[in-house]
Amino acid sequence: MHASTEKRSQMSPILVGLMGSGKSSIGRRLAKALEMPLIDLDKYIVEKAGQSIPDIFAEQGEEAFRDLESQVLREALLGPPAVIATGGGIVLREENRALLKSHPPVIWLKTSLEFLAGRIDGDSNRPMIAGGDTLKTLQQMAEFRYPLYEQCADLILPRGDMTRGESKRMILEFLKQWQNRGL
Ligand code: S3P
């Protein structure tokens, strides 16, 4: 097997970032380009629980959701290489941060909060923003979570007005360099 192909097959790029930053949609594009499967942890949780995310929050509570989130992260990292799209709160637990740090490369999709608010405002599938001022909630989340994303990230991608396609290309470029580091 060609060396770079062999290395590629051992890598599981993990996408982190706040809600609406494009983890699932960019993850899908990346997985296609890298010819790898995509594991979307939120989807995996919904399948496992047999319930939607709002229903898990409402009926079992946020802690139960976070337990499931840690469990699916562990399972995804034990499985074959894949692009892994996480939920925005993956960095909240110390055990998850430790896993992320020990499974590089982790890519933080960093987007302006106004852009995010525009994308997710009124989304009934996101219990963390239900019934509140979306921008304010995102500001509070950013204050608490940004240092945590930063701790775990090998690449911080400031998306600005970058499209998903451009973001994908930048990440692929980074991954190429990352794979060849130290060679
Ligand atoms: C959450 C983000 C969501 C989902 C859940 C909690 C969060 O995922 O995991 O609603 O705490 O930020 P997305 O980031 O894919 O929206």
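**Figure 1. Asn125 in the loop between helix 7 and helix 8.** In this predicted model, Asn125 sits in the loop that runs between helix 7 and helix 8. Its relative accessibility is 42%, so Asn125 counts as partly exposed. When residues up to four places away in sequence are not counted, Asn125 touches Ile53 and Pro54. Asn125 and Arg145 are 20 residues apart in sequence, and their C-alpha atoms are 21 Å apart in space.

Figure 2. The ligand has 13 residues around it, of which Lys23, Asp42, Arg66, Arg126 and Arg145 come nearest. In the side chain of Lys23, a polar atom lies 2.6 Å from an oxygen atom of the ligand. For Arg145, the distance between an N or O atom of the side chain and an oxygen atom of the ligand is 2.7 Å, and for Arg126 the corresponding distance from a side-chain N or O atom to a ligand oxygen is 2.8 Å. Arg66, which is among the residues that come nearest to the ligand, is also one of the buried residues of helix 5.

**Figure 3. Helix 6 and the elements that it packs against.** Helix 6 covers residues 94-101, and within this helix Asn96, Arg97, Leu99 and Leu100 are buried. These residues lie on the same side of helix 6, because the arc that they cover around the axis is only 160°. The packing partners of the buried residues of helix 6 are strand 1 (14-16), helix 5 (62-78), strand 4 (106-110) and helix 8 (134-152). For Leu100, once its neighbours within four places in sequence are left aside, the residues in contact are Ile14, Val16, Leu73, Ile90, Val91, Val106 and Cys152.

**Figure 4. The nonpolar cores.** The largest nonpolar core has 35 residues, and those with the most contacts inside it are Val16, Leu18, Leu100 and Leu138. Two or more residues are given to this core by each of strand 1, helix 3 (41-49), helix 4, helix 5, helix 6, strand 4, helix 7 (113-120) and helix 8. Helix 8 gives the most, with 7 residues. There is also a second, separate core of 17 residues, which includes Met36, Leu109, Ile171 and Trp178.

**Figure 5. Helix 5 along its length.** Helix 5 has 17 residues, and the distance from its first C-alpha to its last is 24 Å, close to the 24 Å expected at 1.5 Å a residue. Its buried residues are Ala64, Phe65, Arg66, Leu68, Glu69, Ser70, Val72, Leu73, Ala76 and Leu77. Glu63 also has its place in helix 5, but at 53% relative accessibility Glu63 counts as exposed. The C-alpha atoms of Glu63 and Pro105 are separated by 27 Å, and the two residues are 42 residues apart along the chain.

**Figure 6. Gln60 in helix 4.** Gln60 belongs to helix 4, which covers residues 53-60. Because its relative accessibility is 42%, Gln60 counts as partly exposed. Not counting residues up to four places away in sequence, Gln60 touches Gln51 and Asp55. The side chains of Gln60 and Gln51 are joined by a polar contact of 2.8 Å.

**Figure 7. Thr137 in helix 8.** Thr137 has its place in helix 8. Its relative accessibility of 17% is under the 20% limit, so Thr137 counts as buried. Leaving aside the neighbours within four places in sequence, Thr137 is in contact with Met128 and Ile129.

**Figure 8. Backbone geometry in two loops.** Most residues other than glycine have a negative phi, and most peptide bonds are trans. Glu35, in the loop between helix 2 (23-34) and strand 2 (38-40), has a positive phi, near 55°, although this residue is not a glycine. With a relative accessible area of 72%, Glu35 is exposed. In the loop between helix 6 and strand 4, where Pro105 is found, the peptide bond from Pro104 to Pro105 is cis, with omega near 5°.

How values were computed
Residues are numbered from 1 along each chain as its sequence is written. This is a predicted model: local features need pLDDT of at least 70, side-chain atom pairs count only at pLDDT 80 or more; totals for chains, interfaces and linings use all residues. Side-chain values use heavy atoms; hydrogens and water are left out. Buried means under 20% relative accessible area, exposed over 50%, partly exposed in between (1.4 Å probe, protein chains only). Helices (H or I, at least four residues) and strands (E, at least two) are DSSP runs, numbered from the N terminus. The arc is that of the directions from the helix axis to the C-beta atoms. Contact means heavy atoms within 4.5 Å. The expected span of a helix is 1.5 Å times one less than its number of residues. A polar contact is a pair of N or O atoms within 3.5 Å; within protein, one must be able to donate a hydrogen and the other to accept it, and residues adjacent in sequence count only if both atoms are side-chain atoms. A nonpolar core is a set of buried Ala, Val, Leu, Ile, Met, Phe, Trp, Tyr and Cys residues joined through side-chain atoms within 4.5 Å. A residue is near a molecule or strand if one of its heavy atoms lies within 4 Å of it.
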